[in-house]
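Student: I have a model open and would like to learn how to read it. Could you take me through some features one at a time?

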Amino acid sequence: MSFIQAIRLAWETIRVQKLKSFFTVIGVTIGVTFLIAVVSIVGGMSRYMEDDLVGKLIAVNSFSLRSRPDFQVGDATQAQRNEWRRRPRILRTDVDPVAEALPPTATWALESSQNLDIESQYATPRNTQCSTITEQWFTIKKMGVTQGRLITPQEYNNGTPVVVIGQDVADHFFPNLNPIGRELKVQSIPYTVVGVADKQGSVFGQSLDKFLLAPERSPLNRWVNPHGVIDAMIIQGQDDTSMREAMEAARATMRARRHLHPTQPDNFELETSENALDFWNKVKGYLVIAGIALPTVGLVVGAIVIMNIMLVAVAERTREIGIRKALGARRKDILNQFLVESATLATLGAAIGVALGIGFAKFLAAVSPLPAAVEVWSIFLGVGVGAGVGMIAGIYPASRAALLDPIAAMRQET
Amino acid sequence: MSSNTVEAPLSETAERRAVVSGAGQAPDSKWVIVTRGIKREYDMGGEVVRALRGVDLAIGRNEYVAIMGPSGSGKSTLMNIVGCLDTPNGGEYWLNGQLVSAMTDDALARVRNREIGFVFQTFNLLPRATALHNVELPLVYAGVGADERRRRASEALAKVQLDNRMDHRPNELSGGQRQRVAIARALVNNPSMLLADEPTGNLDSATSEEIMRVFENLADSGQTVVMVTHEPDIASHARRVVVLRDGLISTDETRDAFVARVGHSVAAL
């Protein structure tokens, strides 16, 4: 019996028992559905994290010099956290030596942040993130303003009490008003709003537009950090290579300043976008495990179900098998007939699973912030695995069928 | 290897004796079936049942033979061996010049497919397939392509006057029609012999006669036919009747001699 013949025969057999066939393959269907869905979710999220998100939080080709990591990987040990807390802070006096060591094409800016109380006369007070920054900060972050202007070099120099605020801050403190030129009080000290920043959007439902930026030398400085201490020096290279160069230059300078022995590790952090992604990679790792475990469970269950149903089918069709053997079917012919039948069944189930998985992924992408995009390779994997499971599940029943004695088989009542 | 044969008044009798005693030698091509000392034993829970104790049988081309016997005579066992569904414990079975008694399962399957056309008492058609597809089945296992299969199966159904029922399923056909489909299926691969097991057992007398006529026509046109039955009425449609008793051949005679001796009385067997 040729292969195509066997498939046609399998198709016919499945067709006359549609409902029974569907229930037979339900395990495989569920397993493949999970596979497609998880792969699309993880794929979509990966793309989002790596392309969209990180770009929003960390400027391209830049790194920060900090005392401890900003993006913390979830499973840092207690010892690790203690070590971080013990590290010395980055000082204002560290900045110039580091800046001198950098390649000439690098730009840098300082940033220090704190959550402080803001008030305006038009709205209720709020505790919001406030930062002092230096001149190159907006350039490095590629941030502009939608209203007003950026802080001028003179204002940086003089420490003038002016601020650029985020869209959400503008909306809250100056509802239906033009904030430019108006006054905000931070910890009771007045500042003039000179600009409203571009909308940054949101990340997992959290707004990125709740911030206030003032020159480093402005009065805000006293509130964000102890005297002479800064949170971060952000350094940007022209490209990845020059950024890495700059990183090594900064590292060397800081190690020298801190008098670190070559065997001692850094007691400061040089953080790139890779660190932010570390967290995501950890999460991705768990998702991948789930993405393998869930489909596997579905497929194992599916295989067991198919095997059992095929055993029943063989028992019911014993007489038919005997007739076929009497007419000249060899063991191989009977084996193939049932293997192909169970593989065809499982492949159909996998195809349904693919359709359901695609539907589920699209539904998820539509109703939640999770971006899910179906990956083509997962479709092929799903169908391939389905067919494989069918073949494996069918081996035992098919060999039982193949070994039947035709004389005894033909005596079976139908 | 002894058997009590009442001599059939045929010139072939001597030849038959010769061919069944030539152990190890392939018989001449005019013999379709030659069995030499066929033995078949079963172990039934400690006890050994000797179904066949040394059967010598020679059936030539174009013969129409009935194999008879009461139950327990071993006729079903002999039929299974002749039909290559079973292998003997002792002796030789030559089918069309091939020694099949020592063949593997796969080789036997091939022989069944090519050389033997089965017709069963219970028809044994595939219930969910059409008449045409049922008749095509031996050709499927012979590796024949779809178009040629369809052509040959249609021709076979035409020969039994069922070409207008090709797309019917067995449950849409009468008993006689089903048996005719089975006969078409048996003939579709041009086998050396038609092997029928109680072909009229599930049919009424009128339909039985109809089927017997089909067999006669086939025998007339040159087909070798071997029919196993326990009914003397049916056996007497054949041209030669072999009677088995207790695992051995008891009588082997022409139809006329059989009818003359037995009439319609089974007891006189």
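Student: Which residue is the bridge partner of Trp94(B) in E5(B)?

Tutor: Leu99(B) is the partner. Strands (E, at least two residues) and helices (H or I, at least four) are DSSP runs, numbered from the N terminus. Two strands pair if DSSP finds at least two bridges between them. Here strand E4 (residues 90-95) of chain B and E5(B) pair in the antiparallel sense over two bridges. Before we go on, this is a predicted model: local features need pLDDT of at least 70, side-chain atom pairs count only at pLDDT 80 or more, and totals for chains, interfaces and linings use all residues. Residues are numbered from 1 along each chain as its sequence is written, while chains are lettered from A and ligands numbered from 1 in the order in which they are written.

Student: What is the order of the strands in that open sheet?

Tutor: The order is E2-E1-E4-E5 in chain B, with antiparallel pairing. Strand E2 (47-60) and strand E5 (98-99) of chain B stand at the edges with a single partner strand each, so one side of each has no neighbour in the sheet.

Student: How many helices and strands are there in chain B?

Tutor: Chain B has nine helices and 10 strands. For 269 residues a compact globule would come out near 18 Å, and chain B agrees because it has 18 Å. Along the principal axes, the C-alpha atoms of chain B fill a box of roughly 50 × 45 × 40 Å.

Student: What share of the residues in chain B is buried?

Tutor: Buried means that 20 or more other C-beta atoms, placed from the backbone, lie within 10 Å of the residue's own; exposed means 12 or fewer, and partly exposed is in between. In chain B, 50% of the 269 residues are buried. Take helix H2 (residues 75-82) of chain B: eight of its eight residues are buried, so the helix is largely enclosed by the rest of the structure. Among them are Lys75(B), Leu78(B) and Met79(B).

Student: Which residues does Ile67(B) touch, not counting those up to four places away in sequence?

Tutor: Touching means contact, that is, C-beta atoms, placed from the backbone, within 7 Å. Beyond those sequence neighbours, Ile67(B) touches Lys75(B), Leu78(B), Met79(B), Val226(B), Val228(B), Val242(B) and Leu244(B).

Student: Where does phi come in?

Tutor: Most residues other than glycine have a negative phi. Cys84(B), which follows H2(B), has a positive phi, near 60°. Another case is Glu198(B), with phi near 45°. Glu198(B) sits in the loop between strand E7 (193-197) and helix H7 (205-220) of chain B.

Student: Is Glu198(B) buried or exposed?

Tutor: Glu198(B) counts as buried, because it has 20 C-beta neighbours inside 10 Å. Now look at Asn176(A), which also has a positive phi, of about 60°. Asn176(A) is in the loop between helix H8 (167-173) and strand E7 (183-186) of chain A, and it counts as exposed because it has 6 C-beta neighbours inside 10 Å.

Student: How many residues of each chain take part in the contact?

Tutor: Chain A brings 16 residues and chain B brings 18 residues. On the side of chain A that touches chain B, H12(A) gives the most, with four residues.

Methods:
Contact = placed C-beta atoms within 7 Å. Rg over C-alpha atoms; globule rule 2.2 N^0.38 Å.
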